[in-house]
Amino acid sequence: MKQYICKSLLLLAMTASMASCDHFLDEKSQDLYIPKTVQDYSEFLLGEGLNHGTNNQISISEYLDLLTDDVNEYVNVRRKDARDSRETMWGYYTWQNDPEVDYNNTVAADRSWEVYYHRVLISNIILDQLGSAKGTEAEKKELEGEARFLRAWSYFMLANTYAAPFESDEQADRTPAVPINSSSSIENRNLTKSTLGDVYRLIESDLDASIAAFEGSIGERTIYRPNVGAAYLLRSRVALYKKQYQAAADYATKAIEKSGKKLYDLTDGVAQANDRFLNSANTEVLFTYGSDTQFKLQTFITASNSEKGCYLVDPGLISMYTSGDVRLKAFFYAYMRRYKPYKFYAARSHGMYPYAFHLSEAYLNRAEAYAALGQKDAALQDINTIRNSRIADNTPLTAASQDETLQLVKDERRMELCFEGTRWFDLRRWGCPEISHTYSSSDTGGEKVQYTLQKGDSRYTLPIPRAERLINNN
C-alpha cells in the first residue's frame, strides 16, 4: 500500500516521530507549522481529512453509480463531431477487468484508495497525539469522535469497494480484504491484506468508540463535522451489511433520536424554485461532505443533446416514482424526457456539499431490518413515513407477505438514496444480481454492444488501483 503524503502531513508526521529531538524542527520556522493544541489538530482534520482544504480537492468514488442499474446511455448519431462523455468512464460502465482504462485506452486513475488511506493515516496521527495535545477533555472527546469516525468510514469504503461482500462471520474471517495500517508515521513499507472480518471489527470498534466520545463531549456539532447522529447512522449501516438486523434497527433508532433532526418535507416543493434536495433548508442532513469544486457526477451523467454520446438516469428508475412524488424534481434535472442526477448543484444548494448522511437512510435501514425480522407492519410504517414527506397526499403502501415487504423496502431505498454512492454496495450485499448495460456506436446508428455482469460475478469487487498494484503485490 503506497502512503500518499502531502507536504503538511509529512511535516506533521515528522513532528510526531521526532518529538524527542528538541531542535529538529524550529517552531519559528516560516515554512513549518507544528500543531500543539486540540484546535490545531481539529483544523488539520477538517482540511486534510474531510476534503474541505486544498490538498484533497479531488473527486473520489463517483464511479460507483456508473456501475449500477441506475444508469443507461443516450446516443445522437447526428452529432458525430461532438463530444462523447461516455468514453472516460467506459471501463466502469462496462465492468472491465481494469476499469481505469477508458474507451480510448488511456488511464483515468482511481484515486479513492489513495485518499482513503490518506485519511486513515491522518486519523492515526491525531489519535496518537491527542493525549499530549493541549485542550480540555471535552475538546479531546470531540476530536476523538471525529478521528475514529473518519477512520471507520474510510475502511468501510475501502472494504466495500475493493473486497468481496460480507456474507457471514465465517466467510469474512477467511476472506482477504484490504490492509489495516496502524502506523502514525511515514514509512515506505508493504502492508499485507487483513481479513474482511478483521476490517469490519476495526470499523465497529472505531464507531463504538466514536459514539462514546461524542456522547461524552458537550460541544455544539454542525453538519460540516462528523457527529453522533452520523456515527449512529454509519453504525446502523455496518450492522445491516453484516445482517445483524436487530442491531441495525436499534442503531437506526438511535440515529433518529440522537440527531434531533426530522425528515425534509418536500410535499410543498423545495424552498425556492430550482433548489436541490441538498440545500440549506433540508432539515434531515446529519453530515455533509465532499468537494463542491471537484464534484463530477453531473459531468459523467449528463443527459445532454449537445453530445454525440452520454450517460443518463435509467428510465426504469424514473418510472418507479409515482405521480406527485416531488423527488422527481428535487433529485433530477429533466431534459427532453431524459434525466441527470441533480440532488446537489452548488448554485442551488446554498452551502451544502455534494454528499450527505441524512435521516431517511436511518428509516430505510430500520425498515429493511424489520422486514428481514418478519416485522412487516413496522417496516411498512417506516417507508410510509418517508413517502409522506416526499409525496403529496401519499397513499400508504401495503404488502401481503414478508417477501413483498422486503421488495417494497428495496425499491424505496433505490428511489430515495439513488446517486449517493450506495446502490452498488446494496446490489453487492443483496446477492450480486445480474445487470446489463448497452454501449452504442455514436457513429453508426443501431450498432450496440451488450455488456453483462453475471449474478455473483467477481467484478462486483473492483481491482486495487493499478498504481498500487505496480508497487505492492500483496
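Strand β2 is largely enclosed by the rest of the structure, because five of its five residues are buried (under 20% relative accessible area, with a 1.4 Å probe and protein chains only). Strands here are DSSP runs (E) of at least two residues and helices are runs (H or I) of at least four, numbered from the N terminus. The model is predicted, with local features requiring pLDDT of at least 70 and side-chain atom pairs pLDDT 80 or more, whereas totals for chains, interfaces and linings use all residues. Residues are numbered from 1 along each chain as its sequence is written, and side-chain values use heavy atoms, without hydrogens and water.

Strand β2 (residues 285–289) runs antiparallel to β6, to which four bridges join it; pairing of two strands requires at least two DSSP bridges. Tyr289 lies opposite Tyr355 of β6. In β6 (residues 355–358), Tyr355 and Phe357 point one way and Ala356 and His358 the other, and all are buried.

Glu87 lies in the loop between β1 (71–75) and α3 (90–93). Glu87 is buried but has no salt bridge (a side-chain nitrogen of Lys or Arg within 4 Å of a carboxyl oxygen of Asp or Glu). Lys308, the nearest side chain of opposite charge, is 5.1 Å away.

Definitions and conventions: Buried < 20%, exposed > 50% of the residue type's maximum accessible area, 1.4 Å probe, protein only. Lys, Arg positive; Asp, Glu negative; His and termini not counted.
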